[in-house]
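Thank you for sending the model; my comments are set out below as numbered points. Please read them with the structure open.

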Amino acid sequence: MKLVPLFVATALALVSVVHAATPDPAKTQAYIHQAWDTLTRSLEDCSALHDPKMDARPVLYLPAGLAVPADMDSIRQRCQVDVHTLPRRIERLGDLMPATLPAEGLLYLPRAYVVPGGQFNEMYGWDSYFIQLGLLADGRVALARDMTDNMLFEVAHYGGVLNANRTYYLTRSQPPFLSRMIGDVLAAPGAFTDEAERHAWLVHAYPLAVANYRIWTRPEHRAGDTGLARYFDLGAGPVPEMRDSTYYRGVIDWVLAHPEKDPGYLVKASEHPDAAEAARLKTSSCDIGASAVCAGAWSQGYRLSADYYRGDRAMRESGFDTNFHFGPFGGATHHYAGVGLNSLLYRYERDLQDFALQLGKLAEAKQWADAAATRKAAMDKYLWSPARGMFMDYDFVAGKASTQPYATTYWPLWAGLASRAQAAALAKHLAVFERKGGLSMGERSSGAQWDEPFGWAPTNWLAISGLDAYGFHDDARHLARKFMATVDTGFAHDGTIREKYNMVLGNAEVKITAGYTTNVIGFGWTNAVYLKLHQLLQGAPAAVRATP
């Protein structure tokens, strides 16, 4: 599926001069400072209701039980939007399936938020954490708090932090950063008028943070009997945001062309099955009667298996769409206890411990400390490879670790769970990932955007900030300069900032051959990480994080 960016004109309008080929960090920063306003959405602006990924009249859904906002009639008339109320209260993620709604639409959020850019015109789960870091670095504290308040609203009314606030995302979350968003707001000067307001906000936020954490301990998200978590979407079949079958037919064709690399994705089937075969395909593949995309996902006598579709959905919850690290096209993502996810959950548990202590809930604080210790022990058992000196993702279905290093091996440093010996070993293996432009995702070059030679702002930031926190200041600053130079080079070339970069070339020349082909411009989390790296280079070395 090729996604077409619609942000070009707006982004380029921010550039008041023709950029020379020479990178200029001052011009990059000037662009970023202005870009927040361009990327901010609220219901005061009708453009916030439009979904560039769809060609349909905008629809807005209000949560069941929520009093209709006073300005909703004005919004309906001014923006020519259809306004509906969800049919029932959502208690848990996956309670309401998108296909049961009369139309796809935007899910109401009460406060302003920053979108990533391009065709991504909604508030995304893990993008928002990095965007919030940038807002705080740029002194936009009120908007940063609004972002977190919107996330808390999603938990309260939509069952958890969503992939994004569209109805077609009601069955999955994204990498869990909510606790860090809460913690960063609590620590931000000027976020609250006084300590009483800060305390009241934490009283409100803490139980919602706990409710969101519970997503990851549900049976569906358990990685077998490892005691660890996996990504898992609670829907079935092709994802509802997919507009046609092109992507899935491409997966079939690739597997047929590489039969030795087939993890079992294919099911022999007819292009036009009769009723009996269609009934069998509901279990073995997908429901062709319920989904036109499913019906069209056929090539050369084959369809995709139900297990592939589960993995495809899990891949999208992971945010690593598309990669070949978790199987070709990420189709085995749900088979893995991932280093990245479990690092985030360890940090989440430590954050909940801290919040509980601030609220005087000592027994709950101990429970969170115990949960974190248990997760660290499981990660040391299943994910740490002494022979490799790295954390490696674990395929709990096959009962073996991945043999391919991935950039998430550095996330335990950001989370503070690595021992000093593990941190030292990880620092010695930077050459596995380091390229001219920063840290690549790994060594596997598949043509997918979350593999070699590509690198991303969030994975570079989590590694760099983690290294800095453990005292590897020279490595952190060296990598920070590399990634910033890559962003500066791209900006000097075309006057914008991108979703991802080519780490081998150290520029924005990204050619994707497997999965999504567009290098979206805008771009929220790259803007944010650039500012954070600038702060890191300007400031004193971070204190070494205490390790368990």
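This is a predicted model: local features need pLDDT of at least 70, side-chain atom pairs count only at pLDDT 80 or more; totals for chains, interfaces and linings use all residues.

1. Another open sheet of three strands is arranged in the order E8-E11-E12, and here the pairing is antiparallel. Strand E8 (336–337) and strand E12 (400–401) stand at the edges with a single partner strand each, so one side of each has no neighbour in the sheet. Strand E11 (residues 394–395) is joined to E12 by two bridges in the antiparallel sense, with aspartate 395 placed opposite lysine 400 of E12.

2. The axes of helix H2 (residues 25–39) and helix H17 (residues 473–494) come within 9 Å and cross at roughly 80 degrees, and the two helices are therefore roughly perpendicular to each other. On the H2 side the contact involves Pro25, Lys27, Thr28 and Tyr31, which meet Val487, Asp488 and Phe491 of H17. The residues of this contact divide into four nonpolar, one polar and two charged.

3. How many residues belong to the largest nonpolar core? This core has 157 residues, and those with the most contacts inside it are Phe130, Tyr158, Ile182, Tyr206, Leu352 and Leu383. Leaving out residues up to four places away in sequence, phenylalanine 130 touches Phe177, Pro458, Trp461, Leu462, Trp525, Ala528 and Val529. There is also a second, separate core of 23 residues, which includes Val239, Met242, Cys286 and Val293. As background, nonpolar side chains tend to be buried together in soluble globular proteins.

4. Asparagine 212, in helix H7 (residues 195–213), counts as buried at 1% relative accessibility. Apart from its neighbours within four places in sequence, asparagine 212 is in contact with Val155, Gly160, Val161, Leu178 and Tyr348. Serine 465 has its place in helix H16 (residues 457–469) and is buried, with a relative accessible area of 13%. Serine 465 and leucine 536 are 71 residues apart in sequence, while their C-alpha atoms are 8.3 Å apart in space.

5. Which peptide bonds are cis? The bond from aspartate 321 to threonine 322 is cis, with omega near 15 degrees, and threonine 322 lies in the loop between helix H11 (306–318) and E8. A cis peptide bond also joins glutamate 452 and proline 453, with omega about 10 degrees; proline 453 is found in the loop between strand E14 (438–439) and strand E15 (454–456).

6. Phenylalanine 329, in the loop between H11 and E8, has a positive phi of about 60 degrees although it is not a glycine.

Notes
Residues are numbered from 1 along each chain as its sequence is written. Side-chain values use heavy atoms; hydrogens and water are left out. Two strands pair if DSSP finds at least two bridges between them. Helices (H or I, at least four residues) and strands (E, at least two) are DSSP runs, numbered from the N terminus. Axes are lines fitted to C-alpha atoms, for helices over the stretch in contact, and angles run from 0 to 180 degrees between N-to-C directions. Angles under 35 degrees count as roughly parallel, over 145 as roughly antiparallel, 65 to 115 as roughly perpendicular and the rest as oblique. Contact means heavy atoms within 4.5 Å. Ala, Val, Leu, Ile, Met, Phe, Trp, Tyr, Cys and Pro count as nonpolar, Asp, Glu, Lys and Arg as charged, and the others, Gly among them, as polar. A nonpolar core is a set of buried Ala, Val, Leu, Ile, Met, Phe, Trp, Tyr and Cys residues joined through side-chain atoms within 4.5 Å. Buried means under 20% relative accessible area, exposed over 50%, partly exposed in between (1.4 Å probe, protein chains only).
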